[in-house]
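Hi,

Here is the structure I said I would pass on.

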Amino acid sequence: MMGLAGPFRRSAAVLRGLGTGAFLATMRFPLAAVLILLFSVLANLEVARLDVGLDLTRLLSAIAVAGAASVAARAGLEPLLTARPFALAALPVMVGLSLALLVWFGRPLLLFAPALICASILCVPLAPFLRHGSSGAFWWHSLWTIVGVTLAFFSILLFVAGFFAILEMVRFLFDVGLSNRAYEHILVTSFTLVGPLFALGRVPARDTSPEAGPLGEEKLVTVVRPLFDWVAAPLALVTALVLHLYAGRILLTGEVPAGEIGWIVSFFSLLVLGVRIAIDPFLERGALPARLFGRLWAAMLVVPLALLAYALWLRIGGEGVTAPRYFLALTGSGVAGAVILQAFGPTRGDIRWIYAVAPLLLALSVAGPWSVGNIVGRSQIALIESRFVEGGRLRLEGLERREPLELRSRISALGDVGQLSRLEPFIPPERAEALAAATRSGEAGTRAVLAALGLSFSAPGVAETRGISTFGARPLPLAGYDLAVTGLYAHPLDTTGNRAVDAQELAAWLDGQGLVVRFRAIDDRFDLAQTIAALPEDLFGTDPVDAPVLDLVSRGGRSARLRVESLTLDRTDAPIGLGFTILLRASQWPSGGSGG
C-alpha cells in the first residue's frame, strides 16, 4: 500500500495544481470562464434532450468565438494596460461580444464560425508579442502554452478514464451503476467545463513564460531536436523535391495538374511553414538537414505556389471561384505573403510574422471585399450573367441539355456562401415572389431557390445522373487484341472487392475522369474525359442503344478496346459507374512489369 501512496500523492498534486490554475484563470479571464460554464450547461441540456428554443449550433459557436477572442485580447493587452485595470477588464469583453454577434448574425454559419474560432485561438499565443518581445520569446511562450493545454486535457482524460474504470468495477462487483445518460453528462462536463478551465489556467502571461535555460533548453533539445533535424526537415526537403520533379514533368509534357494538386501543394506549404516555426531555436546549431532547410525553405515554396496558381487558374477560368477554390487561393496567398516577408530586413526570419499570416487571412475571409462571400458571389454571378442572362433577365426556358446542370451548379455555389440574393436583379417577374420566399429561408434556401426557378433535381432536364443502357451482347472485333475480359464493372475509387487477387486477374476502378486497370501487377490509367464528351447525346436516355465501342490509349502507351455495356455520369459528367468488356494486348502487359 505504501508503494501506491507516492503515485496517488503525485496525481493529487497535479490535479491540485490544475485546480489552482483554473481558479487563477477565472480571475484573469472572467468572461472566458463564464462562457465556458455556459457552453457546458448548454451542452448538457443537449445531452438531456431539452430544447433551449434557440439555434444551439449557432449559439455554441458564438460562445466559443467570444471566449477565445476575449482570452486573446486579454493576453495581448496585459503588457500595455497593467496600470489601467478597468480598460484591461472591459476591452476583452467588448472584443469577445463583438465577434459573438458577428457569428450569431453571419450567414452562412459554416463560413463564419470555423474561420473566426480558428483565428481567435491562433491569436492567443501571438497577441502578447504583436508589439513587443522577440521571435524567441514568442516561440517559448507558444511552447509552454501548448504543453500546458495538452497537459490539462491529458490529465482530465486520465482522470475520467480511471473514474469510469472504478464505476464499471463497482457495477460488475455489486450490480450497481450509473445510467448511460449519466456517463454522457460526466464526459461532456469533463471536456466542456473542467478541461477548458484547467487549460485556461495553463496559459502563461508574457512576462512569466519560461525561456531557454538550464531547465528548459537542455531537456527540450535532447528530446525534440533530433525530431526536427532528422525527421521533419528531411521530410519537407524530400517532399519539395517530389513537387519540383512533378512541376518539371508538366513543363516537359504539357500535362495539366491533376485534380488534387491544390490540396497537395497546400498541405506541403503548411508543412514547410510549420516546420520553419517549430525549428526556429535550433537552426544555428542544427544538423545538416535542418540547416539546409533553414536556408532553402522560402525558395522551396516558389515553384509549388506557381503550380497552385496554375491549377487554380485552369479551374477558375471555366467554372469561377467556389468556396473550396477560394480557401485554396487564400492558403496560397498566405504562404506567398510569408515568403515575401523574407525579402525585408525587419521581418526576415521573424516567426511571429509567418505565424500572424494565418489568423489575419482567416479574419479577412469572413467580412469585407476580400471575404469568401463577396469573391465567390461576384465570380459566380458574373458567369451566370455572361451565359444565362438575356435582356437583363435570367434565361430559364429553352435551355440545352447540359445548361440546366451548369446553371444549377452556379446557383449552388452562390448558396454555399450565402449570396443567393445576388440573383434577384435577374429574376423574371413571374418568379420573383417565389424566389423572395425561398431566400428568406436562410441557409436552407438553395434547394428552395432552385425549386422556385424550376431547376430542382425533379425538374425536366435536370437529373442528378444520366447514363447509357445497351442491348444484349453484340460481336466485338478483336483486330490485333489477344486478351478479353468480360463482365467488368468499375466504381469510383473502389477499394473493396474490385482488386486483382493475383497477377493473372484483372481489376478496374474509376479515378476521377479516368479508368484505372490493374493487370499482372501493373496499374495504368485510361483518360475518359474527351472520349465521353465526344459521345453523341442521343446515346443518353432511358431507351437501350447499341453498345458504343471505344478505342483508348493509356498514359503508359498501352492500347485497349472497350465495349460500354452501361455508363452512369454525375451532374458534372464524371463517370460514377461503368460496365464494360475490355480487350488488351498481352505483349503490353508483361508479367512482373511495373506500372505505366
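**Helix pairs**

Start with α2 and α7: α2 passes α7 in a right-handed crossing (right-handed if the near helix is turned clockwise from the far one by less than a right angle, left-handed if anticlockwise). Before going on, note that this is a predicted model, where local features need pLDDT of at least 70, side-chain atom pairs count only at pLDDT 80 or more, and totals for chains, interfaces and linings use all residues. Residues are numbered from 1 along each chain as its sequence is written, and side-chain values use heavy atoms, with hydrogens and water left out.

Two packed helices are described by the angle between their axes and the distance between the axes. Helix α2 covers residues 30-47 and helix α7 residues 180-200; their axes come within 9 Å and cross at roughly 165°. Axes here are lines fitted to C-alpha atoms, for helices over the stretch in contact, and angles run from 0 to 180 degrees between N-to-C directions. α2 and α7 are therefore roughly antiparallel (angles over 145 degrees; under 35 is roughly parallel, 65 to 115 roughly perpendicular and the rest oblique). Among the α2 residues that meet α7 are Ile-36, Leu-37, Phe-39 and Val-47, and the α7 side includes Val-188, Leu-193, Pro-196 and Leu-200. Contact means heavy atoms within 4.5 Å.

The other pair to look at is helix α12 (residues 323-341) with helix α13 (residues 351-364), which pack at an angle of about 150° with their axes 9 Å apart. That makes α12 roughly antiparallel to α13, and α12 passes α13 in a right-handed crossing. From α12, Tyr-326, Leu-330, Ser-333, Gly-334, Ala-338 and Leu-341 take part; they meet Trp-353, Ile-354, Val-357, Leu-361 and Leu-364 in α13.

**The chain as a whole**

The protein chain has 18 helices and 10 strands. Helices (H or I, at least four residues) and strands (E, at least two) are DSSP runs, numbered from the N terminus. Of its 596 residues, 46% count as buried (under 20% relative accessible area; exposed is over 50% and partly exposed in between, with a 1.4 Å probe and protein chains only). Of the contacts in the chain with a separation of 6 or more, 69% are between residues 24 or more positions apart.

**Rings and charges**

How many aromatic pairs are there? The count comes to 10, where rings of Phe, Tyr and Trp (its six-membered ring) pair if their centres lie within 6.5 Å, with planes under 30 degrees apart counted as stacked, over 60 as edge-to-face and the rest as tilted. In one of them, the ring centres of Trp-139 and Phe-282 are 5.8 Å apart and the planes are at 85°, so the pair is edge-to-face. Trp-139 lies in helix α6 (residues 135-174) and Phe-282 in the loop between α9 (261-278) and α10 (288-300), so the pair ties together parts 143 residues apart in sequence. Both Trp-139 and Phe-282 are buried. Ring pairs also link Trp-139, Trp-140, Phe-228 and Phe-282 into a cluster.

Two arginines lie over rings. Arg-558 is over the face of Trp-589, 5.0 Å from the ring centre, and the charged end of Arg-585 is over the ring of Tyr-481, 4.6 Å from its centre. The rule is that NZ of Lys or CZ of Arg is within 6 Å of the ring centre and within 35 degrees of the ring normal.

**Single residues**

Most residues other than glycine have a negative phi. Arg-49, in the loop between α2 and α3 (56-77), has a positive phi near 60° and is exposed at 59% relative accessible area. Asp-175 has a positive phi near 55°; Asp-175 sits in the loop between α6 and α7 and is exposed at 70%.

Two serines are buried. Ser-269 in helix α9 has 1% relative accessibility and, leaving aside neighbours within four places in sequence, is in contact with Leu-301, Leu-305 and Val-335. Ser-412 belongs to helix α15 (residues 403-416) and has a relative accessible area of 13%; with the close sequence neighbours again set aside, Ser-412 is in contact with Thr-446 and Leu-450.

Cheers
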